[in-house]
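Dear colleague,

I am handing over the structure below, and I would be glad if you could look through it with the notes that follow.

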Amino acid sequence: PPKEWVAKREAIKAHAQTTTDLWRKICFYVAVPSTLATYLWVHNVEAEHHAHIEHEKEANGGELPEVPAYEYLNKRAKPFPWGMNSLFFNP
C-alpha cells in the first residue's frame, strides 16, 4: 500500500504540473494579447470620439451645441422612490 500511495501522489503532482503549465500558457498567449488588443481598440475609438467632440466645438464657436429637448426624453410616468430627480443627473 505505501508504494501505491506514493505512486498516486506522484501522479497527482505530475497532473498538477501539466495543468499549471497549460493555464500559464493560456494566460500569456491568449489573455494578455487579448487584453492588449482590446485596449488598443478602445483607445482608437475614444480618440475618434475626442476628435469628433473637438470638431463639433470648432464648428460651434468653441462650445458644444445644445442637446435638442425632445419631449420623449426624461418622461416620468410616476416618481422614483427617492423623488423626481434621477440618481445621476440632477440640477
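To begin with a single side chain, Arg-24 is partly exposed at 44% relative accessibility, where buried means under 20% relative accessible area, exposed over 50%, and partly exposed in between, with a 1.4 Å probe and protein chains only. Before going further, please note that this is a predicted model, in which local features need pLDDT of at least 70 and side-chain atom pairs count only at pLDDT 80 or more, while totals for chains, interfaces and linings use all residues. Residues are numbered from 1 along each chain as its sequence is written, and side-chain values use heavy atoms, with hydrogens and water left out.

Salt bridges

Arg-24 meets Asp-21 in a salt bridge, at 3.3 Å from N to O, the term standing for a side-chain nitrogen of Lys or Arg within 4 Å of a carboxyl oxygen of Asp or Glu. Both Asp-21 and Arg-24 belong to helix H1, three residues apart, about one turn of the helix; helices (H or I, at least four residues) and strands (E, at least two) are DSSP runs, numbered from the N terminus. Asp-21 is also partly exposed, with a relative accessible area of 28%. The structure holds two salt bridges, and Lys-57 and Glu-54 form one of them, at 3.9 Å from N to O. Lys-57 and Glu-54 too are three residues apart in helix H1, about one turn of the helix, and the relative accessible area of Lys-57 is 28%, so Lys-57 counts as partly exposed, while Glu-54, at 30%, is likewise partly exposed.

Overall form

Along the principal axes, the C-alpha atoms fill a box of roughly 80 × 40 × 20 Å. Within helix H1 lies Val-45, whose C-alpha atom is separated by 60 Å from that of Glu-4, 41 residues apart along the chain.

Surface

Of the 91 residues, 1% count as buried. The accessible surface of the chain comes to about 8,900 Å², of which 64% belongs to carbon and sulfur atoms; the areas come from the Shrake-Rupley method with a 1.4 Å probe, and for residues only the protein chains shown count as cover. A nonpolar patch on the surface is formed by Leu-22, Trp-23, Ile-26, Phe-28, Tyr-29, Val-30, Val-32 and Leu-36, with about 850 Å² of accessible area together. Patches are made of residues with over 30% relative accessible area and no salt bridge, like charges being joined within 9 Å and nonpolar side chains (Val, Leu, Ile, Met, Phe, Trp, Tyr) within 5 Å. Val-32 sits in helix H1, which spans residues 2–59, and is partly exposed at 37%.

Aromatic rings

A search of the whole structure finds one aromatic pair. Tyr-70 and Tyr-72 form this pair, which is stacked, with 5.4 Å centre to centre and 10° between the planes; rings of Phe, Tyr and Trp (its six-membered ring) pair if their centres lie within 6.5 Å, and planes under 30 degrees apart count as stacked, over 60 as edge-to-face and the rest as tilted. Tyr-70 is partly exposed at 42% relative accessible area, whereas Tyr-72, at 56%, counts as exposed.

With kind regards
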